[in-house]
Amino acid sequence: MTQTRNKDAGIPGNGGQFAGSQHAEPETEPLREYVPSKNVDVLVAAAQASRDRVKAGKPSWGERIPASAVWRDEAKTWDEKRDAFVALVKKSKWYQEQEEFSDLHDAIDELEDAPDEVEMKYILDGIYDQADVDRINLSYGR
């Protein structure tokens, strides 16, 4: 019996001679600007929240937090940027009006303990998604 190997380079981890490898995000990738969510549920919820606010006679965004200025500061290290971002969010009405054990409080606590930039980016994606649904503009402050 002849053993065959999968020659499709797109299938990682099958052990074949031509198998591709697992994608690993480089740890040296710099912090990036906020990238809008590609999660359909987040996009739909944010659009509905925006329509509801406008229908109620309110502006589309509930609060603006100048987070962009934090991420653009090239003189700060990633942990200094993280700490500045956390401080801005904690001062916001958005954060202060949440319950103590809300998803936002949990995410901010997790962000404070993030060991590196890669982990921080995943946490930030969730915070930015929640901000979109809650109609909080974190991209303000360029």
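Predicted model: local features only at pLDDT ≥ 70, side-chain atom pairs only at ≥ 80, totals over all residues.
Local features need pLDDT of at least 70 and side-chain atom pairs 80 or more, while totals for chains, interfaces and linings use all residues. Residues are numbered from 1 along each chain as its sequence is written, and side-chain values use heavy atoms, leaving out hydrogens and water.

Helix H1 (residues 40-55) packs against helix H6 (residues 117-134) at about 30 degrees, with the axes 7 Å apart. H1 is therefore roughly parallel to H6 (angles under 35 degrees count as such). Axes here are lines fitted to C-alpha atoms over the stretch in contact, with angles running from 0 to 180 degrees between N-to-C directions; helices are DSSP runs (H or I) of at least four residues, numbered from the N terminus. On the H1 side, Val42, Ala45, Ala46 and Ala49 meet Asp129, Asp132 and Val133 of H6 (contact means heavy atoms within 4.5 Å).

Turning to the rings, the structure holds two aromatic pairs (ring centres within 6.5 Å, using the six-membered ring of Trp; planes under 30 degrees apart are stacked, over 60 edge-to-face, the rest tilted). Trp71 and Phe85 have centres 5.2 Å apart and planes at 35 degrees, so this pair is tilted. Trp71 belongs to helix H2 (residues 67-72) and Phe85 to helix H3 (residues 78-91). Phe85 and Tyr128 are stacked, at 6.0 Å centre to centre and 15 degrees between planes. With Phe85 in H3 and Tyr128 in H6, that pair ties together parts 43 residues apart in sequence. Phe85 is buried at 0% relative accessible area, and Tyr128 is buried at 5% (buried means under 20%, with a 1.4 Å probe and protein chains only).

Note on methods. Helix = DSSP H or I, 4+ residues; strand = E, 2+ residues; numbered from the N terminus. Parallel < 35°, antiparallel > 145°, perpendicular 65-115°, else oblique. Buried < 20%, exposed > 50% of the residue type's maximum accessible area, 1.4 Å probe, protein only.
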